[in-house]
Amino acid sequence: MSNAEIGVIGLAVMGANLALNIADNGYKVAVFNRTYARTVEFMKSAGDLVDQLVPCETLEEFIEAIRPPRPVIIMVKAGEPVDMQIALLKPLMTDDDIIIDAGNANFRDTLRREEEMKSTKLTFIGMGVSGGEEGARHGPSIMVGGKQTAYPRVQTVLEAISAKYKGEPCAAWLGENGAGHFVKTIHNGIEYADMQMIAEVYGIMRDRLDMAPADISKVFAKWNEGPLESYLVQITADVLKAVDPKTDKPMIELILDAAGQKGTGRWSAIEALQMGVPATAIEAAVAARSLSAAKDERIHAQDILGLPSGGGSSSSKNDIIADLELALLAGKIAAYAQGFAVMAAASKEFDWGLPMPTIAKIWRAGCIIQSRFLDEISTAFSKEPDVANMVITPSFAKMLSDCDGPLRRIVSDSVLNGNPIPALASAISYFDTYRRAQGTASLIQGQRDFFGAHGFKRIDEEGNHHGPWS
Ligand code: NBP
C-alpha cells in the first residue's frame, strides 16, 4: 500500500505529462502503462518528481497503490483501448472508486460507458483535456462531464493542475454524462476552423503576395499584439520563422502539405449536421484537411488543369495585409459563433444546461484556442446567456460591421485570383445567409416538391401544399 492519492493509466505524451503535472502539484500518483517498458522510461524522465510517483507493473499493484476511494485517470488511445482498459479495471476496483476517461472520446461512447457503469457502484467521468503536451504538463483546459455530485470529489486536483486565467482555474463541470467530451469535440471543431483559416491567410501572403516565410511570420507576430492575439496565431509566427538546421531552409517549405486528423473535427461536423445547426467553417475545415491528404490527386489535377490565372486587383500589398487581418478576425467570429451555436443546440437536446460564459472562460488559457477574443465572448454570453447567436450581441455585431468590408474584399480578390479560401468564403456566406430574412430556400422547397412531392408551406395559408407541376 503506497498511499497514492490518484492514479494515471497510459503514459504516452498526454498521460505522462498529466501525471507529472499532478505530482508537481503535491499529489502522490500511481502510474501504469500496458507496456511496462514505457513506465520504466517515464520514471527515468521524472527528475525531482520521482518520489511523488509510484510505478506499477501490474494493474493489481496499481489499484493496491491508491488510497480508496480511488480516482483513476485513463489517458490511452481513444476508442476500443478505453473499453478494454475499463473491462480490466472494473473487477479490481471497489465501490465509490472513480474512473475518469481523459482521452478524446467520442461523446457517444461516453454516453454508452456511463450507462454500462450503472450496473456497478463505480462512478464514471468523461473529461476532455485540451492543450497538448505543454498543457498537460503545465496546465490544460479541462472539460468535465458526469454526475454533478461526483465532481467535488475530483475538483481540487483538477483545478490545481488546470491552466489559470487571471488566477481562475480553466476547469469546470459542464453537464451530465457526455457533456465534457462533447464540449471538447466542439472545441476541436473550432480549432480545426481556426487553423484552416490561418493556413488560408498564410497561403494568400505566400502565393498572392510572394512573401517569404520569415516575413509572413512577422505579420502574424504583429497581429498577435492586436485583436487576433491567440495561441494559434502566436505559434504560427513561430512555425513560419523556424529554419531547418540540416538545410538552412525555412522549415515550413520542407513539411509535406498533407494534414492528418484523428476524428474530433469530423465528429464536430457530424454533430452539427445532426443537430441541424450550420457550422460551415468547421465543415469546410474538415473537408480541407481531407483534401490536403489527397496529395497525389492534387498533383494530378494541377497537371491536367493548371493553376487558375489571376483576375488582378488594384489594392496595394499593405492594403491587402490590413484587410487580411480583419478578414481573419471575421472568420474567427464565424468559427466561434458556429461552435457555440452547436453547443447551445446540444445543451438543449441533452438537457445539460451548458454554461456558455463558463466555457468561454475556461478556454481563455491552457487550451489550444486560448485567445483575447474569448474574454469578449464570455462577456457577451454573460450579458445575454440565451442569445440565439453571438454574432447578434452588440460587441460582435460592431466587430462584424468593421470586418465586413475587408472580408468581402479578401474573398472576392482571392476568388478572382484563384487563392483557395474555403473557410473564409464559407464564413461570409454564413453571415450573409444568417442576416437575410427572405432567403432562397423557397426554390429548394419547390424543387423538392417537384421531384419528390414533399409539399411545402405557404406564407398566406396553413397546411401542406403542392405546386402546379406538370
Ligand atoms: P495515444 O493516443 O498515442 O495512445 C497511446 C497510449 O495508449 C499508450 O499508453 C498505449 O499503451 C495505450 N494503449 C493503446 Br495504443 N492500446 C491500449 C489498450 N488496448 N489498453 C491499454 N492501453 C492501450 O496517446 P496520447 O497522444 O498521449 O493521447 C492519449 C489520449 O489523449 C487520446 O485519447 C488522445 O486523443 C487524447 N489527446 C491527445 C492530445 C495530444 O496532443 N496528443 C491532446 C488532447 C487529447 P502502450 O504503451 O502499451 O502502447
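1. Let us start with a term: two strands pair if DSSP finds at least two bridges between them. Helices (H or I, at least four residues) and strands (E, at least two) are DSSP runs, numbered from the N terminus. With that in hand, glycine 145 stands opposite glycine 175 in strand 10.

2. A word on the model itself. This is a predicted model, in which local features need pLDDT of at least 70 and side-chain atom pairs count only at pLDDT 80 or more, while totals for chains, interfaces and linings use all residues. Residues are numbered from 1 along each chain as its sequence is written, and side-chain values use heavy atoms, with hydrogens and water left out.

3. Now the whole chain. Its secondary structure comes to 19 helices and ten strands. The radius of gyration is 25 Å, close to the 23 Å that the globule rule gives for 470 residues, so the protein chain is as compact as a globular protein of that length. Here the radius is taken over C-alpha atoms, and the rule is 2.2 Å times the number of residues to the power 0.38. Along the principal axes, the C-alpha atoms fill a box of roughly 75 × 70 × 45 Å.

4. How much of the chain is buried? Buried residues make up 50% of the 470 residues, where buried means under 20% relative accessible area, exposed over 50%, and partly exposed in between (1.4 Å probe, protein chains only). As for contacts (heavy atoms within 4.5 Å), among those between residues at least 6 apart in sequence, 69% join residues at least 24 apart.

5. Strand 7 (residues 141-146) deserves a look in your viewer. Six of its six residues are buried. Ser141, Met143 and Gly145 point one way, Ile142, Val144 and Gly146 the other way, and all are buried.

6. Which strands pair with strand 7? Strand 6 (residues 123-130) runs antiparallel to strand 7, joined by six bridges. Strand 10 (residues 171-175) pairs with strand 7 in the parallel sense, over four bridges.

7. Leaving aside neighbours within four places in sequence, aspartate 323 is in contact with Pro406, Arg409 and Ile410.
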